[in-house]
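Grab a pencil and work through these exercises with the structure open beside you. Try each task before you read its solution.

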Amino acid sequence: MRLLIMKNTPLHYGISLAILTLALFFAVYFFFSGFNYYLISLRVNVFVLPSIYVLFTVVLLYKRTSKYRLSFKECFKISFTTLFIGGTLSLLLIILFLNYADPDAQILLQHQRIEQNLNNLHSDYNSLKEPTKEETALYKELVKSLSSDTTKNELLFNFKNSFAILGVIYLFYLTISLFLSIFFRLRNPNAIIHSNTPAQRS
């Protein structure tokens, strides 16, 4: 009975989500850690992972509300806690891996990030037919900043950047949890009213 209860908790779902995230991270790491490592990682983090997290939460809430009639608070607790555990655990492990197991991969990401930003900056400036003095000055200032040793030596996953990343993803989890909880609350009026007793959960 205890194992069954544990399998139906946000902790269990969060760990499952973290495992899924880490599997995707290492798939990119092993198969695409070459010339386009940064671009592929960026696209995965911007498009693939958010889609997986949203889909995972939708399926989770759909299954729970098909069996139980949940309030907004209960839906939010399940969704946000699951996302929080899954995202935090996986990100912390990824940060530890890139800082201690393979710091060269983090250096490669930083190098390719700077190169990509410089290419975008050059492209945007060259597309201007007649750049003004202000635009030219800004362009030179940004190129100088990106080419500086300070920027090159700054790790992507240092304490400052990691804290900022956590803040952004927590805001994403909060937004997703709010919208999905509004949608799924009392979705099935004929479902069993949720209870915290072991008999009801099983």
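A residue counts as buried when its relative accessible area is under 20%. Keep in mind that this is a predicted model.

**Exercise 1.** Decide whether Tyr-53 is buried or exposed.

*Solution.* Step one: look up the relative accessible area of Tyr-53, which is 5%. Step two: hold that against the cut-off, where buried means under 20%. Tyr-53 is therefore buried.

**Exercise 2.** Find out how Tyr-53 and Tyr-173 are arranged as an aromatic pair.

*Solution.* Start with what you need: a pair of aromatic rings is described by the distance of the centres and the angle of the planes.

Tyr-173 has a relative accessible area of 4%, so Tyr-173 is buried. Finally, zoom out: Tyr-53 and Tyr-173 belong to one aromatic cluster, whose members also include Phe-76, Phe-80 and Tyr-170.

**Exercise 3.** Which backbone oxygens lie 2.6 Å and 3.3 Å from a polar side-chain atom of Thr-65?

*Solution.* First place the residue: Thr-65 is part of helix H3, which covers residues 37-67. Next, check its cover: the relative accessibility is 1%, so Thr-65 is buried. Then go through the distances. At 2.6 Å you find the backbone oxygen of Leu-61, and at 3.3 Å that of Tyr-62.

**Exercise 4.** Work out which helix gives the largest share of the nonpolar patch.

*Solution.* Begin with the members: Leu-11, Ile-15, Ile-19, Leu-89, Leu-93, Leu-96 and Tyr-100 make a nonpolar surface patch of about 680 Å². Two elements give two or more residues each, helix H2 (10-32) and helix H4 (72-101). H4 has the largest share, with 4 residues. One of the patch residues, Leu-93, lies in helix H4. Its relative accessibility is 38%, so Leu-93 counts as partly exposed.

**Exercise 5.** How many helices and strands does the protein have?

*Solution.* Follow the chain from the N terminus and you get α-α-α-β-α-α-α-α-α-β-α. Tally up the symbols: 9 helices and 2 strands.

Note on methods:
Residues numbered from 1 in each chain as written. Predicted model: local features only at pLDDT ≥ 70, side-chain atom pairs only at ≥ 80, totals over all residues. Heavy atoms only, no water. Patch = residues over 30% accessible without salt bridge, like charges linked within 9 Å, V, L, I, M, F, W, Y side chains within 5 Å. Areas by Shrake-Rupley, 256 points an atom, 1.4 Å probe, with all protein chains shown as cover. Salt bridge = Lys/Arg side-chain N within 4 Å of Asp/Glu carboxyl O. Buried < 20%, exposed > 50% of the residue type's maximum accessible area, 1.4 Å probe, protein only. Polar contact = N/O pair within 3.5 Å; in protein donor to acceptor, adjacent residues only side chain to side chain. Phe/Tyr/Trp six-rings, centres within 6.5 Å; stacked < 30°, edge-to-face > 60°.
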